[in-house]
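Please consult the sequence and the model together.

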Amino acid sequence: MMHTTVGWHVEMEFTEDDQHTRAAAMVRLPDGSEVRAHGHASRHRTDANQPRVGEEIAGARALNELAMRLLTKAHEEIDQASGRTSHPIHV
């Protein structure tokens, strides 16, 4: 049995104002392709100003979208190689 180690480079970037946080996520795959996604969080006017919480929420949403885009990409590649339709299993 052969073992291989592969690394992925993931970048997260945030932009914020007093009420909104936006996150951009990007993963660079070993073949040089990139997959990108975005997330957003809004602070209610009565909530305390906690920028880190906004980043965590927006970042989690961006990473969740990134995961879904990676699943879609993988299934498209399976379908191309096999000539049939694959079905993602959502956990």
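## Alanine 62 in helix H1

In this predicted model, alanine 62 is part of helix H1. Its relative accessibility is 0%, and alanine 62 therefore counts as buried.

Apart from neighbours within four places in sequence, alanine 62 has contacts with Met12, Ala23, Ala25, Ala37, His38 and Gly39.

## The largest nonpolar core

Which residues make up the largest nonpolar core? Its 11 residues are Ala23, Ala25, Val27, Leu29, Val35, Ala37, Ala41, Ala58, Ala62, Leu66 and Leu70. At least two residues of this core come from each of strand E2 (20–28), strand E3 (34–42) and helix H1 (51–82). H1 provides the largest share, with 4 residues. In soluble globular proteins, nonpolar side chains tend to be buried together.

## Alanine 41 and threonine 21

Alanine 41 is one of the core residues. When neighbours within four places in sequence are set aside, the contacts of alanine 41 are Gln19, His20, Thr21, Gly54, Ile57, Ala58 and Arg61.

Threonine 21 belongs to strand E2. Is threonine 21 buried or exposed? Threonine 21 counts as buried because its relative accessibility is 6%, which is under the 20% limit for burial. Residues up to four places away in sequence not being counted, threonine 21 touches Phe14, Thr15, Glu16, Gly39, His40, Ala41, Gly54, Glu55 and Ala58.

Conventions: Residues numbered from 1 in each chain as written. Predicted model: local features only at pLDDT ≥ 70, side-chain atom pairs only at ≥ 80, totals over all residues. Heavy atoms only, no water. Core = buried A, V, L, I, M, F, W, Y, C linked by side-chain atoms within 4.5 Å. Buried < 20%, exposed > 50% of the residue type's maximum accessible area, 1.4 Å probe, protein only. Contact = heavy atoms within 4.5 Å.
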